[in-house]
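Biologist: I have a two-chain model to go through. Can we take it by question and answer?

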There are 2 protein chains.
Amino acid sequence: MNILIIGAAGMVGRKLTAALVASGTLSGKPIEAISLVDVIEPDVPEANGINITTRAVDIADPSVARTLIDNRPDMIFHLAAIVSGEAELDFDKGYAINLDGTRYLFEAIRHAGMEKPYCPRFVFTSSIAVFGAPFPDKIGDEFFQTPRTSYGTQKAIGELLLADYSRRGFLDGVGIRLPTVCIRPGKPNKAASGFFSSILREPLVGQEAVLPVPEDSRHWHASPRAAVGFLIHAAQMDTAGLGTRRSLNMPGLSATVGEQIDALRRVAGEEAVALIKREPDPMVAGMVEGWAKDFDASRAVSLGFKAETSFDEIIAIHIEDELGGEVPK
Amino acid sequence: MNILIIGAAGMVGRKLTAALVASGTLSGKPIEAISLVDVIEPDVPEANGINITTRAVDIADPSVARTLIDNRPDMIFHLAAIVSGEAELDFDKGYAINLDGTRYLFEAIRHAGMEKPYCPRFVFTSSIAVFGAPFPDKIGDEFFQTPRTSYGTQKAIGELLLADYSRRGFLDGVGIRLPTVCIRPGKPNKAASGFFSSILREPLVGQEAVLPVPEDSRHWHASPRAAVGFLIHAAQMDTAGLGTRRSLNMPGLSATVGEQIDALRRVAGEEAVALIKREPDPMVAGMVEGWAKDFDASRAVSLGFKAETSFDEIIAIHIEDELGGEVPK
């Protein structure tokens, strides 16, 4: 099993790499090689006997995709993207990476298959940003796609191409629309959604965090561990059940900020909760209010994808995976 | 008013040109110039005092779009496309014309707007092929897009780009999903849907036609005159009512082949109906069975788009527009 991970330097890419290396197998076959690719050179993890190579490339360069496919990886994880805010600010860059970069990969695979038969599994990380308000209470896989950002437009186009290239037999695609990943490890960042993680992550280690929205704000979450689980399941699943509809809402947990805080209280007590400073920010609150709050992921669940069902579980995973198994005293 | 029509040599393009020339105005303004563009040089119609120019170009050539936008047309009709069957047979050509050609136009408009403000109305002919089976009984604008052809994929991507470029203020887009145009004038063609027109068109002039499907086969139709009406209404309508959802199912008539034949009988009698030869073709019947049969176009209707409500009307329009007003004896 020869694996290519594009966007390997990001948080999910690093956790995916670690999980694959730790397992040593995928789809019941030993992993021989993993190629880690990103716009910055990815770190080389412990190899566990696997031939791990790294490359820093720009997938918007039309000559790059071919070189990534040269050794005909059996499995391709495409996680690379210009994120929503940046794609909105820099129109050219968003389209260059998120649309052209993705299409160059698909085309390189198709052309490789013209020389001799080739049809790799291609796991594409899409986004719930393919959907645009106004929303139903629960957004199903069959809700139509009217993205309200250029990022969402680019992801929706990626899904359409993934489906067409799969239908044609050029690749075997699975598109997964990830929930917001929570608790995101690391430092606070400037993303508007960052507080969903920081109001748990910071208090768990005795630090203050800012809550800019009301406690009844509802959002859609899954842990980093669940996100890696989705990717690995998408790589291993039987795609016959997908038919021509190749992209799926991943399961997640719809929870209010108040429910997040209640879970924090159960795990770390009132003194942790007291570290959350309420500083209402109408701009952030307005953005969050416009985001989707709940999804129907029954199709993905029936196809074997699994996520957390409570914030207690999400916090416990963070403590296990990031804090060595216990809340610091 | 300076108008650009891309795909002007086709049947709908020629009828649109004739209607614009006959009217002499659009959106209440006199038409000064019409530029007719297609892959073959379009015919020059009677000019009626309008400056009509023609050009044969390949819109898949990246250098072409800029030259089409040079004189900053106020109104752009983009009708050019590689049709479904050909886009399925020639993957590269379909993507080159239907996706890249369309995107080059959008990009040329955006870049023109960077030099000095420019935001033309852009009428994009999409297709009901953006939808893929399994279908509900009536397909609404909010049905999700899972095209089952490369053509449908390319049109769905065009719709997404049209919406994003409109949201950004680069152009003022309206996407219209046309029903099957019936009665299509001219000679029988090899399109699988051709019989819907030929079973009426040929008997009306005393010639035989072949019916390859059962009489209970249902399909979605609008006359060529209605199609031109949709384009002109899309050009003139107030787009404020579209919001970010820029593409619309056009109204049409859902009718069975039996209903078509009943209308023919009322207009031209039993001897015309007797010219329809039943030659069941399981392949054609299977294709037609997989196509959408009925649509909910209430959004378009509420925005002022109009179509025929009976096949008697569709046949009467064909007799008026193509047969000089009467059925030949």
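Biologist: Through which surface do the copies meet, the same or a different one?

Modeller: A note before the answer: this is a predicted model, where local features need pLDDT of at least 70, side-chain atom pairs count only at pLDDT 80 or more, and totals for chains, interfaces and linings use all residues. Residues are numbered from 1 along each chain as its sequence is written, and chains are lettered from A and ligands numbered from 1 in the order in which they are written. Of the interface residues of chain B, 100% are also interface residues in chain A, so the copies meet through the same surface.

Biologist: How many residues does the contact take from chain B?

Modeller: Two residues are in contact if their C-beta atoms, placed from the backbone, lie within 7 Å. Chain A gives 17 residues. From chain B the contact takes 17 residues.

Biologist: How are the two copies related?

Modeller: Superpose by least squares on the C-alpha atoms of residues with pLDDT of at least 70 in both. Chain B is laid on chain A with an RMSD of 0.1 Å, by a turn of 180° and a shift of 0.0 Å along the axis. The copies are therefore related as by a two-fold rotation axis.

Biologist: In chain B, which residue has the C-alpha nearest the axis?

Modeller: That C-alpha lies 2.0 Å from the axis. The residue is F144(B).

Biologist: How do α5(A) and α5(B) run, roughly parallel or roughly antiparallel?

Modeller: Helices are DSSP runs (H or I, at least four residues), and strands are too (E, at least two), numbered from the N terminus. Both α5 helices span residues 150-167, and they pack at about 180° with their axes 10 Å apart. Axes are lines fitted to C-alpha atoms, for helices over the stretch in contact, and angles run from 0 to 180 degrees between N-to-C directions. Angles under 35 degrees count as roughly parallel and over 145 as roughly antiparallel, so this pair is roughly antiparallel.

Biologist: Which residues of α5(B) make the contact?

Modeller: α5(A) brings S150(A), T153(A), A156(A), I157(A), L160(A) and D164(A). From α5(B) come S150(B), T153(B), A156(B), I157(B), L160(B) and D164(B).

Biologist: Is L36(B) buried or exposed?

Modeller: L36(B) sits in strand β4 of chain B. A residue is buried if 20 or more other C-beta atoms lie within 10 Å of its own, exposed if 12 or fewer, and partly exposed in between. L36(B) has 25 C-beta neighbours inside 10 Å, so it counts as buried.

Methods. Angles under 35 degrees count as roughly parallel, over 145 as roughly antiparallel, 65 to 115 as roughly perpendicular and the rest as oblique.
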